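Here are a few notes to read alongside the model. Please have the structure open as you go through them.

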Amino acid sequence: MDTAIEVTGLVVRRGKRAVLDGFTCAVPRGSVTGLLGPSGSGKTTLMRTVVGVQVVTSGTVTVLGSPAGSPALRSKIGYLTQAPSIYADLTVRENARYFASLYRLGASAADEAIETVGLTRAAHQLVADLSGGQRSRASLACAIVSRPEILVLDEPTVGQDPLLRDELWAHFRRMAADGATVLVSSHVMDEANRCDRLLLIREGVLIADDTPAAVKKAAGSDDLDQAFLNLIRAHEKVPA
Amino acid sequence: MILLSTIRRILTQLRHDPRTIALIVVVPTLLITLMYFMYDGQPRVFDRVALTMLGIFPFIVMFLITSIAMLRERANGTLERLFTTPVGKLDLLFGYGLAFGGAAAVQAAVAAGFAYWALGMSAAGGLGLVVLIAVANAVLGVALGLLCSAFARTEFQAVQFMPLVVAPQLLLCGLFVPRERMVGWLQGVSDVLPMSYSVQALTEVGSHPDPTGTMWRDLGVVLGAIIVALAVGAATLRRRTP
Ligand SMILES: Nc1ncnc2c1ncn2[C@@H]1O[C@H](COP(=O)(O)OP(=O)(O)OP(=O)(O)O)[C@@H](O)[C@H]1O
Ligand SMILES: [Mg+2]
């Protein structure tokens with residue numbers, strides 16, 4: 001199995017705390033990997049490290065064979081931040097076209113990405129005038145516009161209705177089938193079930209790294225929600 | 001290519017905000033008209049003050065607009081996201097410099113043209129040089145704004161940089177007290193503030209029909225200050241944050 005993202009002994013300090021403390025994991029190429037964990041456990045921090053915008057204290061993060069943040073990787077990565085990060089004073093299309101242009105892509109790539117997230121009819125609207133869910137989809141459009149090899153998505157489906165969530169996940173699966181590596185954080189267990197692998201993180205420490213089926217089996221529950229709770233609680237009882 | 005689309009993006013943002021465009025274009029003209037009436041019957045004084053103000057307005061406006069724009073890029077997460085893309089720091093810095101420099105050129109041309117034709121301001125060296133120096137000053141404002149925004153975490157802080165950066169330059173540039181009449185150490189401070197040179201350059205244009213050596217030297221100093229500010233700005237702009 002080919003590894004796309006390899007994290008070894010990663011320590012990240014933010015403020016006074018070590019948010020990630022000796023984190024090690026590997027994400028296989030061409031897969032959808034779910035990153036799960038309680039709020040504040042370090043999911044966003046790990047993703048920021050993978051896309052190369054986080055100051056790292058120690059450890060190594062390798063993406064497609066290069067150190068995370070290398071210039072060569074910048075054209076191969078798409079990053080969706082947790083809060084929508086697009087220009088509120090531009091229209092959806094202007095945003096998508098700008099981000100497309102950064103990868104030397106034209107208007108058709110932008111329009112395609114807008115179509116994928118179901119915003120074609122709102123494409124001419126200013127982002128400031130969009131609903132919350134539309135705004136995060138506009139942000140998502142800008143992350144997938146370059147059809148990146150590595151797609152890092154921080155809670156991409158928050159605030160979306162079940163139909164849209166289903167379509168977006170079908171799209172992530174399609175991208176992975178085409179060879180992309182998708183790392184996606186989520187709090188929704190029914191989405192976790194659609195991942196190839198799950199990384200469970202608690203207070204900056206990896207507590208599970210397996211397929212959804214294996215995670216459920218190890219936690220002794222058929223329900224992923226319950227399995228997740230079991231694992232978290234099991235780790236609370238055994239202080240590291 | 002990335003630089004061009006960044007310039008276009010910044011100008012499009014501006015275009016979606018017609019009120020800001022109106023303020024950029026109209027405010028300096030209004031203030032110069034106000035001075036025209038303040039110095040009613042003293043055309044020589046008006047000439048001197050109006051010329052100086054034509055250099056100072058674009059600086060102040062562009063400094064503020066740039067620091068706020070850059071702060072917004074930071075606060076809404078677009079800066080972090082841009083740094084995961086092939087955008088270079090210089091694409092961003094020059095993008096802002098050129099886009100807002102262009103806006104400043106319009107601002108300076110309107111204000112200078114109005115002062116010249118409607119208010120009878122005289123500038124021996126011609127309007128073209130006045131606008132050129134005003135634009136250089138505006139780009140200096142952009143460059144310093146980019147630099148200062150690196151040190152501001154909030155809008156409140158960003159706004160405080162304006163008196164810190166602008167006020168000393170305004171007070172010591174020779175508009176209120178001629179530079180040669182300041183005490184020695186103040187003159188020394190004035191000597192290292194770039195706006196002193198742009199005001200001197202404008203004064204030269206005001207009193208000499210042909211561009212003087214002093215004027216070109218002053219303009220060169222302003223350009224040098226722009227390059228230094230952009231270079232330090234690029235060095236303080238970090239792709240990685242804690
Ligand atoms: N800029 C910062 N400075 C200091 N500490 C920070 C900073 N950003 C985050 N932290 C801390 O780092 C820890 C991990 O934060 P992170 O954003 O990675 O969590 P998360 O797992 O993404 O949470 P959520 O599910 O709520 O998004 C938290 O305890 C948070 O308080
Ligand atoms: Mg998060």
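1. Leu31(B) is partly exposed, at a relative accessible area of 32%. This is a predicted model, so please read the values here as computed from it. Leu31(B) sits in helix H2 of chain B, which covers residues 18-38. Together with Leu23(B), Val27(B), Leu34(B) and Met38(B), Leu31(B) makes a nonpolar surface patch of about 430 Å².

2. While you are looking at H2(B), follow how H2(B) packs with helix H3 (residues 43-75) of chain B: the angle is about 150° and the axes are 10 Å apart. Angles over 145 degrees count as roughly antiparallel, and H2(B) and H3(B) are therefore described that way. Their crossing is right-handed.

3. Another helix pair in chain B is worth a look. Helix H1 (residues 2-15) and helix H5 (residues 89-117) of chain B pack at about 45°, with 8 Å between their axes. H1(B) and H5(B) are therefore oblique to each other. H1(B) passes H5(B) in a right-handed crossing.

4. Now for some backbone angles in chain A. Most residues other than glycine have a negative phi. Leu64(A), however, is not a glycine and has a positive phi of about 50°. Leu64(A) lies in the loop between strand S4 (58-63) and strand S5 (66-67) of chain A. Is Leu64(A) buried or exposed? Leu64(A) is buried, with a relative accessible area of 18%.

5. Arg104(A) also deserves a glance: its phi is positive, near 60°, in a residue other than glycine. You will find Arg104(A) in the loop between helix H2 (92-102) and helix H3 (107-116) of chain A. Arg104(A) is exposed, with a relative accessible area of 57%.

Methods
Residues numbered from 1 in each chain as written. Chains lettered and ligands numbered in written order. Predicted model: local features only at pLDDT ≥ 70, side-chain atom pairs only at ≥ 80, totals over all residues. Heavy atoms only, no water. Patch = residues over 30% accessible without salt bridge, like charges linked within 9 Å, V, L, I, M, F, W, Y side chains within 5 Å. Areas by Shrake-Rupley, 256 points an atom, 1.4 Å probe, with all protein chains shown as cover. Salt bridge = Lys/Arg side-chain N within 4 Å of Asp/Glu carboxyl O. Helix = DSSP H or I, 4+ residues; strand = E, 2+ residues; numbered from the N terminus. Buried < 20%, exposed > 50% of the residue type's maximum accessible area, 1.4 Å probe, protein only. Axes fitted to C-alpha atoms, helices over the stretch in contact; angles between N-to-C directions. Parallel < 35°, antiparallel > 145°, perpendicular 65-115°, else oblique. Left-handed = near helix turned anticlockwise from the far one by under 90°.
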